[in-house]
Every structure is written in structure tokens, then in C-alpha cells.
Amino acid sequence: MRVWVVLFLCVGVLLAELQIIKKEASPEQKVFLLLSGIQGDEPGGFNAAALIASRHYTITKGNVWVVANLNQHSIFENHRGIYGDMNRKFATLRDNDPEKKIVEEIKELIKNDRVEIVLHLHDGSGFYHDSYISSLRNPKRWGQSSIIDQEQLDNVPHGDLNGISQRIITEINENLLNDLHRYRVRNTNTAVQDKEQQLSLTFFTINQGKAAFANEASKNLPLRERVYYHLLAIEAMMHYLGIEFNRNFTLDPQTVQAALDDPSITIAFANKISLPINRIKNHITYFPMPKKSLAYHSTNPLVHLYQKKGTYSIKYGNKTMAWLIPDYFETDETLESVQMILDNSSQQVALGSIVRAHQSFSVPKVADDVRVNIIGFSRRNLVSEHDITIHKDQIESKFTLDRNGTLVRVEFYRGQKFSGMVIVDFEQ
């Protein structure tokens, strides 16, 4: 399996290009393209897509390309569309539209010769039903539906849109949490009945001669249940396509929540700092930050550093995980690793690492001009805190990175320049 992980730079609120994660086990075969996040207030869809892109799913046969965050800026703001509804920009678009470049990139991705089928994830209101039952269950609702633009595409691979959609909802409905959640096929008959849908991504796709479907999970459900139903739909599509995969958790809402809260998800800054985003406090003060733009990367496409009006926050989808209060420094690029003693075991540790200690740690002297600063530890008249054995109870918990008092910052400076940080994790 080949996996591409895209690296990101903090260069402004609009990201310059699509962040495509490609999981390929059969490069000679066509591609299943999974898209989400075109509307920033639909976290069920983009969190499900991110899970497919994550370490929790391994593709063993076939190929899946994932773009979980088509409209990253609107996801940041938990907004349907900061610059208007991006899912209504696939027919015509003004040259001065701020999203023109990203929409054109999406179009080119869909037209890629290797892409043969597209599934677009959404969260919709209520519970779709083909007759009026109640204000939440009626033909005007979108939640819990599989959307097609027409029943059939002639002379197109996977052109039986209705038949495939029926197959997907049958598999979903075998795994319902509640009968209220039952899925139904919704055919919008776009070409003849729905002028608004004629502007959409899926209608653009079928006009390129490619099969396209949308899956809607109800906004009236908790996030973990929405993600659960989206994953059922994605897996049903992979079953139909003969794509084989391994999932490292049992599929139910509780394990979905655990996967979303995965403590191994990190954001790494310029190979100098790594933060486990699901464990950190919501405010991190005196955060070392270069005066120039801060490069960062994450293995999760929904994790970003968001800069707005002079503030910095770490975003995971539309959730703010932490606010960073910067302490600006010039950076030193000469120090790449240091020796550390972790529970009496000597290790060479790269800056930007997270390491574990059960009982204690210490940092032997690095160099005459390198200062060690252990945040939360205090001893008078010390310029550098090297060659000191540190136990967890010697660290003031208010200075740790997490509420449990287990993540300790060890910072390194060469002269006045920041070299990097190692986090010592005391969690058992």
C-alpha cells in the first residue's frame, strides 16, 4: 500500500491546493474518490473521510483517494460557506471568486483518468422520507439518504446509479441503531427538476461521464453516530467495488468516538515541536514560535494551525483544540537531537519528539552554549537545567501541556535562539 501524506504551511486562511491522501494497493486499477468538507458545518462527513484516510484503515486491494477538507476555511469557521456555498460553484463561477482556484482543482481531480466513481459526504437536516410523516421526516429533509442525480447513466462504468444506491442503503439498513435512522434513496432528477442541484459537484461529475453519489447523515444525530453511518456507506461502496480493507476497530459509535479521540494524532511544527492534539490544554502559553511563517504538518488532514487577526489556534476539523500564546524567538537550525536519560536508559532523541518516561528523566549537558529549560521545574540560580533527574511530582501541573499533568515540555536554546522541544510523557 502506498500512502501520500500532504504537508501544510501556515500561509493564510485559504490553503493553496487540494490535500489528497492516496491509499493504493493496486496502482494498475481505477480509483474510488471520496470527498467531503465542501460545507464547513457538516462534521460527520469530513470526520468520516479523515478516518478512512487515517491509520485506522488499510487498503489491501484497490485504490482509494480521499479529500476530507474540500472547504478548509469554512471548516475552520464551522460555516456552511464563508464565500458562499461551494457546492453551488461547479457550473459557472466568477473569475474573482476567492474559491475559484480550489474549485478548478476539484474539477481537475474528478476528471483525472484514473478516477471512475465518486462518493460525496454530507450532513443533512432531519430524516428524509418520500411522504410527509412529521416536520423532521418528510420529502424536504436530506438526512439519512443516498442521493443520486438520476437513475441511470448510459454507457458509463457503474452507470446503474439507482441499483448501486439501493445496494448501499441495504447494507446500511442492516446495521441501524434505531429504525428512525433508516436510509432511503433520494433521486433529485437534477437535469429536469432541480436547477440548484445542477450547480453541484455530483452533477458536474456525472456530466464528465463518471458515476457519482452523495451520502447524507442526519444533523439530528450525535457526531459519532453520523460518522458511523458515513463509514457504513463508504464501506458498502468499497464492498461493491471489490476494494478490500482492514479496519483496526469494531464499527460502532463508541469505537468511532475513540478513533476520533485518537491520542496519537499530532501536529508537528518545523520538526521542532510535536503536540498530541487530543490531550493538550485549551491554552498553551509562552509557546515558542519563530518570527517568520511557521511550517507545520499532521498525518490527519483536518488538523491545522489557524491564524486569524493575530491569534493562533490548533484546529481539528471545526473544533478548536488549543489557543497558542506565542513567545517569539529567532530559531537555531544546528541542533537536531539530544541525549536523554529516560528511566535510566540513555537514548538519542530527535527534537520535536514525544518520549515516554515512567519514573524520571534527565538531560545530560549538550554544549556550553545550549541551555535546557524544563517548563514547570524550578531551582534557584540555575541557568540550564541539565544533569538533573526529574520526577513527575517535581513538575508544577499548571505548567504541563495536559490537564492530567503528564506532558512535560523540555526546551532547548542555543544562545538566544530556540532550537526545539522534546515532550516527556509520564502517562502510564
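**Ile148**

I looked up Ile148 and found that, at 0% relative accessibility, Ile148 counts as buried (under 20% relative accessible area; exposed is over 50%, partly exposed in between, with a 1.4 Å probe and protein chains only). The model is predicted: local features need pLDDT of at least 70, side-chain atom pairs count only at pLDDT 80 or more, and totals for chains, interfaces and linings use all residues. Residues are numbered from 1 along each chain as its sequence is written, and side-chain values use heavy atoms, with hydrogens and water left out.

Ile148 lies in strand 10; helices (H or I, at least four residues) and strands (E, at least two) are DSSP runs numbered from the N terminus. I listed its contacts (heavy atoms within 4.5 Å). Leaving out residues up to four places away in sequence, Ile148 touches Leu161, Asn162, Ser165, Val185, Arg186, Asn187, Thr188, Asn189 and Phe213. I also checked Ile148 against Arg409: the two are 261 residues apart along the chain, and their C-alpha atoms are separated by 51 Å.

**Charges over rings**

Arg186, one of the residues that Ile148 touches, lies over the face of Trp142, at 3.7 Å from the ring centre. The criterion is NZ of Lys or CZ of Arg within 6 Å of the ring centre and within 35 degrees of the ring normal. I noted another such case at Tyr413, where the charged end of Arg371 sits over the ring, 4.5 Å from its centre.

**Positive phi**

Most residues other than glycine have a negative phi. I noted exceptions. Gln144 has a positive phi near 60 degrees. Gln144 is in the loop between strand 9 (137–138) and strand 10 (145–148) and is buried at 0% relative accessibility. Asn271 also has a positive phi, about 55 degrees. Its place is the loop between strand 14 (266–269) and strand 15 (273–276), and at 60% relative accessibility Asn271 counts as exposed.

Lys309 takes a positive phi near 50 degrees in the hairpin of strand 18 and strand 19, which has 2 residues between the strands. Strand 18 (residues 303–308) and strand 19 (residues 311–316) run antiparallel and are joined by 6 bridges; strands pair if DSSP finds at least two bridges between them. In this pairing Val303 stands opposite Tyr316 of strand 19.

**Nonpolar cores**

Which residues have the most contacts inside the largest nonpolar core? I found Phe32, Leu231, Ile234, Phe269 and Leu275, in a core of 103 residues. Helix 7 (residues 223–241) gives the largest share of this core, 10 residues. A core here is a set of buried Ala, Val, Leu, Ile, Met, Phe, Trp, Tyr and Cys residues joined through side-chain atoms within 4.5 Å.

I then followed Phe32. Not counting residues up to four places away in sequence, Phe32 touches Asn63, Val64, Trp65, Ile117, Leu119, Ile234, Met237, Met238, Leu241 and Ile243. A second, separate core has 23 residues, including Val363, Phe412, Val422 and Val424.

**Aromatic pairs**

I found 10 aromatic pairs in the structure. Rings of Phe, Tyr and Trp (its six-membered ring) pair if their centres lie within 6.5 Å; planes under 30 degrees apart are stacked, over 60 edge-to-face, and the rest tilted.

Tyr57 and Phe249 form an edge-to-face pair, 6.1 Å centre to centre with 85 degrees between the planes. Tyr57 is in strand 5 (residues 57–61) and Phe249 in the loop between strand 13 (244–247) and helix 8 (253–260), so the pair ties together parts 192 residues apart in sequence. Tyr57 is buried at 1% relative accessibility, and Phe249 is buried at 12%. Ring pairs link Tyr57, Phe245 and Phe249 into a cluster.

The rings of Phe90 and Phe204 have centres 6.2 Å apart and planes at 50 degrees, so this pair is tilted. Both residues are buried.

I traced an open sheet of 4 strands, in the order 23-28-27-25, with mixed pairing. Strand 23 (354–356) and strand 25 (370–374) are at the edges with a single partner strand each, so one side of each lacks a neighbour in the sheet. Strand 27 (residues 407–414) and strand 28 (residues 417–425) run antiparallel, joined by 8 bridges. Tyr413 stands opposite Phe418 in strand 28.
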